[in-house]
Amino acid sequence: MSDKTVTFADRFTLPAMGQGTWYMGENSGQRQNEVAALRVGIDMGLTLIDTAEMYADGRAEEVVGEAINGQRDRVFLVSKIYPWNAGGKKGIAACEASLRRLGTDYIDLYLLHWRGNYGLDETVELMQTLQQQGKIGRWGVSNFDHDDMQELWGVDGGAECATNQVLYHLASRGIEYDLLPWCQQQLMPVMAYCPLAQAGRLRSGLLNHPAVNDIAQHHHASAAQVLLAWVISHQGVIAIPKAASIEHVKENAGALALTLSAEELARLDAAFPAPGRKTALEVV
């Protein structure tokens, strides 16, 4: 296992690879496989687990709760709140429901899943209340673009935001234009969801690209490991790939030990160049 880590502004440090749970909990027949995969990931050092009240209507949180039962202190737990719950008493009730499903009395990092119904001032106030009640440790946001972060920073207490979770992979590099540099300047980690792209043609094109596969062969690694290593080669970026099988968890964990050379990074950059202008934040 590599010592590749990411440090928050308050100097708290985590491995640069975590475990995502999107689509977990949707098939009860897969539950034990999902629980087992998460547990193996924890044992391999992937101690950040990311989930949300949205995923399978809370059943993903239940899967996570089962996986961390008896080992809560080994895990850095991240969950996300719907925008229509992110204020006032609704927010407290939503957080408490997540806590029940997770089988814990606190969430390490609680994120606003995307902007919506409540003003940023109301959401910041909610997060501060939840912190004061001991229900959450840090708080952050998801799917916020550069302008959203500027607006958040203008809200009283908004600069306490600990992270921004966004779509980021080799074929989706728009955040590199302004959002990622700004977050790096604030010493605010970026959590990259879908670091291998979504299922479908784009993901297939990435995994089967000649440059990616040549580099993978050179390292006796998989294409997926190269793509994950590329994501976490960027300062302050945590990748949170989903892995519902033990085999995939082990593959993901192996990417922490893979270091790409400057030449390999340049080859990937040439194959999938970052946009030279501002582009809209991609969201899935």
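How many residues does helix H3 have, and how far does H3 reach from its first C-alpha to its last? In this predicted model, H3 (residues 88-102) comprises 15 residues and reaches 22 Å between those two atoms, close to the 21 Å expected at 1.5 Å a residue. The buried residues of H3 are Gly 91, Ala 94, Cys 95, Ala 97, Ser 98, Leu 99 and Leu 102, and the elements that cover them include helix H2 (59-68), strands S5, S6 and S7, and helix H4. An α-helix has 3.6 residues a turn, so residues three or four places apart point the same way. Just after H3, Gly 103 adopts a positive phi of about 65°.

The sheet to which these strands belong is open and consists of 8 strands in the order S3-S4-S5-S6-S7-S8-S9-S10, with parallel pairing. Strand S3 (19-20) and strand S10 (237-239) stand at the edges and have a single partner strand each, so one side of each is left without a neighbour in the sheet. Strands of a sheet pair through backbone hydrogen bonds, either parallel or antiparallel.

Within this order, strand S6 (residues 107-112) has 6 of its 6 residues buried, that is, under 20% relative accessible area, and S6 is therefore largely enclosed by the rest of the structure. On one side, S6 is joined by 4 bridges to strand S5 (residues 76-81), and the two strands run parallel; the bridge partner of Lys 80 in S6 is Leu 111.

Strand S7 is in turn joined to strand S8 (residues 164-167) by 2 bridges, the two strands running parallel, and in S8 the bridge partner of Ser 142 is Gln 165.

Towards the S10 end of the strand order, helix H9 (residues 223-232) lies across strand S9 (190-193) and S10, and runs at about 155° to S10.

Methods:
Residues numbered from 1 in each chain as written. Predicted model: local features only at pLDDT ≥ 70, side-chain atom pairs only at ≥ 80, totals over all residues. Heavy atoms only, no water. Buried < 20%, exposed > 50% of the residue type's maximum accessible area, 1.4 Å probe, protein only. Pairing = 2+ DSSP bridges. Right-handed = clockwise from strand over helix to strand, strands pointing away. Contact = heavy atoms within 4.5 Å. Axes fitted to C-alpha atoms, helices over the stretch in contact; angles between N-to-C directions. Expected span 1.5 Å × (residues − 1).
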